[in-house]
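The paragraphs below walk through one protein model, from its overall plan down to a few single residues. Keep the structure in view while reading.

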Amino acid sequence: MSGIIVVGVDTSGTARKAAETARDLAVALGATLHVVSAFDTDRTEVYGSGSDKWIVSDAGEAEKVARDIAASLAVAGLAVTYSSARGKPADALIREAERLEARMIVVGNRRMHGLGRVLGSIANSVAHNASCDVYIANTYGAD
């Protein structure tokens, strides 16, 4: 198959489980794994004083999450890339997949049962709007 598999992550256990599934699929299919973390605001805070200042932004935090998870998923023979993307998680994943011309998006099935199924979930939104294949990983029990 090759190509690119995109997976969305945050700091939850369910996202971690979906990322591990995406890694396993990428290895099996000879694809590149691209890890994405979404951020919804452009909030930036500056800490410190004088020349000792640290800037913390939602974009920077999202990129750190994606980078850390991407690094933890690395295995021999697998190319792993990462990015942060602005927007609601489902929209950000779809845009990144389109930008990269990905073959597949992997999402977890969190909130796909009960009331979440009726009101919507990231997986549901991605499955209905993505222009590529969508793999919904079973992440129940991960959080």
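This is a predicted model: local features need pLDDT of at least 70, side-chain atom pairs count only at pLDDT 80 or more; totals for chains, interfaces and linings use all residues.

Asn109 touches Ile136, Ala137, Asn138, Thr139 and Tyr140, with residues up to four places away in sequence not counted. Asn109 sits in the loop that links strand E6, residues 104-108, to helix H4, residues 114-119.

The protein has 5 helices and 7 strands. Read from the N terminus, these elements follow the order β-α-β-β-β-α-β-α-β-α-α-β. The protein counts 143 residues, and 38% of them are buried. Among contacts with a separation of 6 or more, 72% are between residues 24 or more positions apart. The accessible surface amounts to about 7900 Å², and carbon and sulfur atoms hold 51% of that surface.

The next topic is the sheet. Five strands form an open sheet in the order E5-E2-E1-E6-E7, and their pairing is parallel. Its edge strands are E5, residues 80-86, and E7, residues 133-137, each of which pairs on one side only. On average, neighbouring strands of this sheet are turned by 25° against each other, with direction ignored. Strands of a sheet pair through backbone hydrogen bonds, in either a parallel or an antiparallel manner.

The individual pairings can be followed strand by strand. Strand E2, residues 32-39, pairs with E5 in the parallel sense over 7 bridges. Within this part of the sheet, Ala38 stands opposite Ala85 in E5. E2 also pairs with E1 in the parallel sense, here over 5 bridges. Ile4 stands opposite Thr32 in E2, and the bridge partner of Ile5 in E2 is Leu33.

How many of the residues of E1 are buried? The count is 4 of the 5, so E1 is largely enclosed by the rest of the structure. E2 is mostly covered as well, with 6 of its 8 residues buried. A helix also lies over this region: H3, residues 89-100, lies across E1 (residues 4-8), E2, E5 and E6. H3 runs at about 145° to E2.

Leaving aside neighbours within four places in sequence, Val7 is in contact with Ala18, Ala19, Ala22, Leu33, His34, Val35, Val36, Leu93 and Val106.

Leu25 is buried because its relative accessible area is 18%, and the limit for buried is under 20%. Which residues does Leu25 contact, once neighbours within four places in sequence are left aside? They are Ile5, Met104, Val106 and Tyr135. Leu25 and Tyr135 are 110 residues apart along the chain, yet their C-alpha atoms are separated by 9.7 Å.

The last stop is Glu101, in the loop between H3 and E6. Is Glu101 buried or exposed? With a relative accessible area of 69%, Glu101 is exposed. Its backbone also deserves a look. Most residues other than glycine have a negative phi. Phi of Glu101, however, is near 55°, a positive value in a residue that is not glycine.

Conventions
Residues are numbered from 1 along each chain as its sequence is written. Side-chain values use heavy atoms; hydrogens and water are left out. Helices (H or I, at least four residues) and strands (E, at least two) are DSSP runs, numbered from the N terminus. Contact means heavy atoms within 4.5 Å. Two strands pair if DSSP finds at least two bridges between them. Axes are lines fitted to C-alpha atoms, for helices over the stretch in contact, and angles run from 0 to 180 degrees between N-to-C directions. Buried means under 20% relative accessible area, exposed over 50%, partly exposed in between (1.4 Å probe, protein chains only). Accessible areas come from the Shrake-Rupley method with a 1.4 Å probe; for residues, only the protein chains shown count as cover.
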